[in-house]
Amino acid sequence: MEFYTQNGMKRPIRLCESTRQFAYDSLNRKYGLDTQRVEAVKLDNVENYTQLPLIHRYDVAIMKIATEAPIRICNGERISGSATLGMAITHKAPATYLGKSTFGGISHLTVDFETVLKGGINAIKAKAEKAYEKYKSTSKEPFLKSCLNCIAAFEQWHGRYLAELKDKEEYKANYNNLMRVPFNPAQNFYEAVQSIWFTFAFLRLCGNCPGIGRIDYLLGDYLKKDLENGSITIDEAREILAHFFIKGCEWINGSSDAPFYGSGDAQHYQNLVISGVDSQGNDVTNEVTYLVLDIIEELGIGDYPTTARINKNTPQQLIRRVAEVIRLGGGIVAVYNEDTVIEALKNDGYDEIEARGFANDGCWEVQIPGKTYFSYVPFDSLQVLQKETLGEYASELKFNSFEDLYQKYLSHLRLAVEKIYLRETSQEHSGWKSEEPCTVISLFEEGCIEKGQSYMDGGPVYNTISPHIGGVADTVNSLYAIKKLVFQEEKVEFSEFMEILKNNWQGFEPLRQYVLNKYTYYGNDNDEVDDLYVRLISDFADICVSFNGKCRYNFPAGISTFGRQLEWASSRLASPYGRKEGEVLAANCSPSPNTDKAGATAIIKSYCKAPHVKLASGSALDIRLLPSVVSGEDGIDALAGLLRGFCLLGGFFMQLDVADASLLREAQKHPNEYKTLSVRVSGWNARFITLNKEWQDMVIEQNEH
């Protein structure tokens with residue numbers, strides 16, 4: 001097998017030269033820059049536009065997008081369809097009125113591609129027509145009419161692609177596929193890949209950013225059948241699927257601008273899930289599973305963050321193959337421990353058969369694909385401790401014991417969750433969140449058409465709002481430091497310690513160094529501090545679930561920061577465990593920077609002690625490894641051992657990145673030499689050079705060893 005080098009990593013070559021050239025062009029912004037040529041369609045000339053009902057304005061916008069968006073056929077593409085309006089990149093419907101955007105997009109969900117494959121858009125249309133007749137002359141009629149209008153827009157866009165491809169001999173296969181899909185059921189692997197992509201591209205064109213979900217589950221039977229009847233080879237299938245990955249890079253533009261405030265140009269929630277069990281508990285791992293890993297390994301495309309569902313019975317062959325791809329860096333492949341995830345969903349009230357079908361929301365939070373409205377609400381648990389429980393370090397505060405302090409903190413934690421509940425359900429008296437229209441997404445969420453209610457209006461089968469606690473390691477370490485320093489060792493009075501913290505440790509550097517270096521904090525497999533971490537997570541989860549049944553949303557607990565430790569930093573005071581005000585601290589469920597002293601295994605052990613089966617929304621652990629640690633056969637074995645241990649210990653979700661801080665600094669100095677260098681940021685991957693300086697510095701610090 002031949003190899004080539006990308007960003008210092010040796011990668012195998014399996015794909016043909018034309019496919020690799022297509023990937024090179026796309027990764028180097030050729031199509032992303034082309035997308036920016038036309039930002040949006042204009043609604044200024046629509047007669048009486050402002051007098052139209054809101055949902056009618058939406059329908060007009062979607063039809064105009066479908067009618068006027070540029071049609072792009074990439075050189076040599078094996079599948080067709082492109083989201084070619086620049087405003088869609090910012091998760092907004094790319095239609096403006098008097099220069100202003102009109103409608104937002106929807107993300108943090110995975111839509112129902114299974115119905116598209118098995119029934120086609122025509123099946124969805126028939127269901128919408130039936131519902132329209134049922135709800136005619138009721139308050140639900142406008143939504144059902146909008147469903148039919150948006151399908152008509154999809155038909156319009158589809159017809160334009162057929163017209164463009166017709167009579168082009170080199171794209172005859174593309175044309176033949178699109179003559180059938182996605183409006184009819186897919187009959188083979190090639191059609192199935194085209195069907196998912198074309199539907200996905202239309203959703204993106206309209207400003208939405210859904211996840212794709214279980215791609216090997218969706219495509220595996222089609223490929224198996226084709227391989228058995230000899231209509232395709234595994235190499236041909238790899239080429240077709242590679243074009244699916246390459247087309248997903250069409251929004252690469254090299255910019256760190258809005259809407260994500262410097263967090264890179266690849267945050268579009270188009271996540272994939274591979275392997276795991278089906279609804280009956282049977283392993284779905286198949287040829288597509290390994291093709292996905294082949295393509296990521298060769299091309300290093302980070303625009304489809306991919307999570308492998310593994311469990312205690314996963315074959316070593318797959319564990320090792322996942323490890324081989326992870327060690328190449330970029331953080332592209334992460335892992336779910338599906339035993340824990342399924343148990344957590346069951347604990348949250350899901351039937352086991354339903355729970356086994358889980359995917360993610362386009363990031364890493366868990367949901368049932370094609371059936372779930374999902375939103376999460378993050379908050380900083382460290383600021384709750386600093387500003388509420390400790391009153392911004394009020395010296396007059398008194399606690400008789402650490403337990404008194406903890407119980408007071410728990411009461412403030414409950415108030416923080418209750419505040420989320422009250423804010424997110426404030427419209428319950430008048431129904432659901434009947435916000436701006438989102439019909440295009442609603443077409444692909446089970447329950448919406450049947451109920452005559454949109455995605456935002458309670459249509460999906462499951463409706464979830466998840467409070468997400470952030471700064472967990474920082475809060476645990478702070479509580480632990482107070483417990484040790486004040487209540488156990490009695491080195492300083494509580495009121496005096498509050499004064500020291502209020503003054504940002506000024507004049508008490510020896511004490512700060514003592515606190516920083518004497519205690520063993522979360523992430524080092526120290527039961528004394530980890531017990532506090534376990535208790536906090538369990539209590540938080542219980543608080544969240546106590547709101548279930550009080551409204552029509554479910555309130556599962558989750559743990560995340562998603563990079564918000566950057567924006568939270570300026571509001572944080574000095575921390576009791578030795579950190580000064582304004583420092584950027586822990587990410588997700590990971591240790592605070594520079595507190596983990598015992599290596600990756602100890603971090604995993606600490607993390608896995610928490611009752612993750614009580615966290616139905618998810619809890620992410622970030623692990624950073626040096627390339628030298630995972631090099632050679634021994635390195636692969638060691639990495640596979642970490643994955644296996646993560647499962648056996650009861651983890652939930654782990655994202656590993658293999659990166660050298662010195663390489664990242666070099667990329668910071670010479671960005672043009674590292675245009676495709678991918679790093680894991682949180683629930684997404686980013687090309688390092690498209691992160692702004694603040695984000696880059698944070699990633700570098702996280703990779704310091």
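Here is a short walk through one asparagine and a few salt bridges in this structure.

The model is predicted, so to speak with care: local features need pLDDT of at least 70, side-chain atom pairs count only at pLDDT 80 or more, and totals for chains, interfaces and linings use all residues. Residues are numbered from 1 along each chain as its sequence is written, and side-chain values use heavy atoms, leaving out hydrogens and water.

Let's start at asparagine 554, which sits in the loop between helix H22 (527-545) and strand E16 (558-559). (Helices, H or I with at least four residues, and strands, E with at least two, are DSSP runs numbered from the N terminus.) Asparagine 554 is buried, at 19% relative accessible area; buried means under 20%, exposed over 50%, and partly exposed in between, using a 1.4 Å probe and protein chains only. Its side chain makes polar contacts with the side chains of aspartate 348 at 2.7 Å and asparagine 548 at 3.4 Å. A polar contact here is a pair of N or O atoms within 3.5 Å; within protein, one must be able to donate a hydrogen and the other to accept it, and residues adjacent in sequence count only if both atoms are side-chain atoms.

Now for the charged pairs. The whole structure holds 46 salt bridges, each a side-chain nitrogen of Lys or Arg within 4 Å of a carboxyl oxygen of Asp or Glu. In one of them, glutamate 633 pairs with arginine 320, with the closest N and O atoms 2.2 Å apart. Glutamate 633 lies in helix H25 and arginine 320 in helix H12, so this pair ties together parts 313 residues apart in sequence. Both belong to a salt-bridge network that also includes Arg14 and Asp637.
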